[in-house]
Amino acid sequence: MSVKRVLLKLSGESLSDDKSPISDISLSRTVSEIKSACSANVIQLAIVIGGGNIWRGAEKNIDRVTADKMGMVATVMNAMALNDALIHAGVKSRIFSAYGVCGFIENFNREKAVRSLEDGYTVIFAGGTGNPFFTTDTTAALRAAEIKADMLLKATQVDGIYSADPKKDSSAVKFDALTFSEAIEKRLKVMDAEAFSLCMHTKISISVFDFYKDGNLRKVLNGEKIGTVVS
């Protein structure tokens with residue numbers, strides 16, 4: 001199998017449970033899935049992780065810009081937890097943050113990030129884009145373009161993209177494949193329109209899959225047809 005460079009977009013919820021924003025059990029499972037998938041495939045893996053498990057939106061007395069900055073800090077905390085857990089599991093890992101955290105994490109540098117991937121490190125991108133008003137989905141599309149990833153993997157709690165929320169609408173229809181234009185026109189909410197648009201222009205396909213089913217990350221990297229592919 002030829003070397004592939006992949007960007008995995010994880011939600012903050014991949015580290016949490018009902019009791020804790022960062023759960024040992026959830027964190028260990030996420031690390032196990034990443035380690036298993038990487039050991040079975042010759043890939044270069046980058047990760048963008050969200051912060052919703054720590055910061056779930058602005059309160060009415062907090063300005064949107066301030067709230068978004070708090071969200072960026074939350075992604076940094078998640079990245080630090082994931083990074084340490086990966087290293088503890090024997091996976092070489094390194095963090096770069098777009099949002100400066102002096103003395104804790106190195107600021108994002110595209111050239112260093114690419115070299116780290118080539119040297120066998122799993123690279124975690126934290127701090128969003130470094131600017132308010134942009135989601136971590138858009139961050140994932142941006143970083144995927146910057147490192148010239150072959151594919152963006154969107155880890156979700158459902159087994160692909162549906163016409164509506166399958167948890168709320170029993171008549172929702174699953175799509176096995178979509179074009180970017182179709183995803184944007186249908187206003188499918190699995191990712192932001194900005195993320196879809198950026199991947200369309202940079203020709204990076206997106207695979208949306210159920211990360212919470214054991215082994216699915218490895219299956220996606222093996223080229224198995226699960227979830228929904230947007231291209």
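1. Residues are numbered from 1 along each chain as its sequence is written. In this predicted model, local features need pLDDT of at least 70 and side-chain atom pairs pLDDT 80 or more, while totals for chains, interfaces and linings use all residues, and side-chain values use heavy atoms, without hydrogens and water.

2. Let's start with the rings: the structure holds three aromatic pairs (Phe, Tyr or Trp rings, the six-membered one for Trp, with centres within 6.5 Å; planes under 30 degrees apart are stacked, over 60 edge-to-face, the rest tilted). Phe-108 and Phe-125 have ring centres 5.6 Å apart and planes at 75 degrees, so this pair is edge-to-face. Phe-108 lies in the loop between strand S4 (106-107) and helix H3 (110-118) and Phe-125 in strand S5 (residues 122-126), so the pair ties together parts 17 residues apart in sequence (helices, H or I, of at least four residues and strands, E, of at least two are DSSP runs, numbered from the N terminus).

3. How accessible are these two? Phe-125 is buried, at 1% relative accessible area, whereas Phe-108 is partly exposed, at 22% (buried is under 20%, exposed over 50%, partly exposed in between, with a 1.4 Å probe and protein chains only).

4. Phe-211 and Tyr-212 also pair edge-to-face, at 5.8 Å centre to centre and 85 degrees between the planes. Ring pairs link Phe-209, Phe-211 and Tyr-212 into a cluster.

5. Do look at Tyr-121 too: the charged end of Arg-94 sits over its ring, 4.1 Å from the centre, and Lys-92 lies over its face at 4.5 Å (CZ of Arg or NZ of Lys within 6 Å of the ring centre and within 35 degrees of the ring normal).
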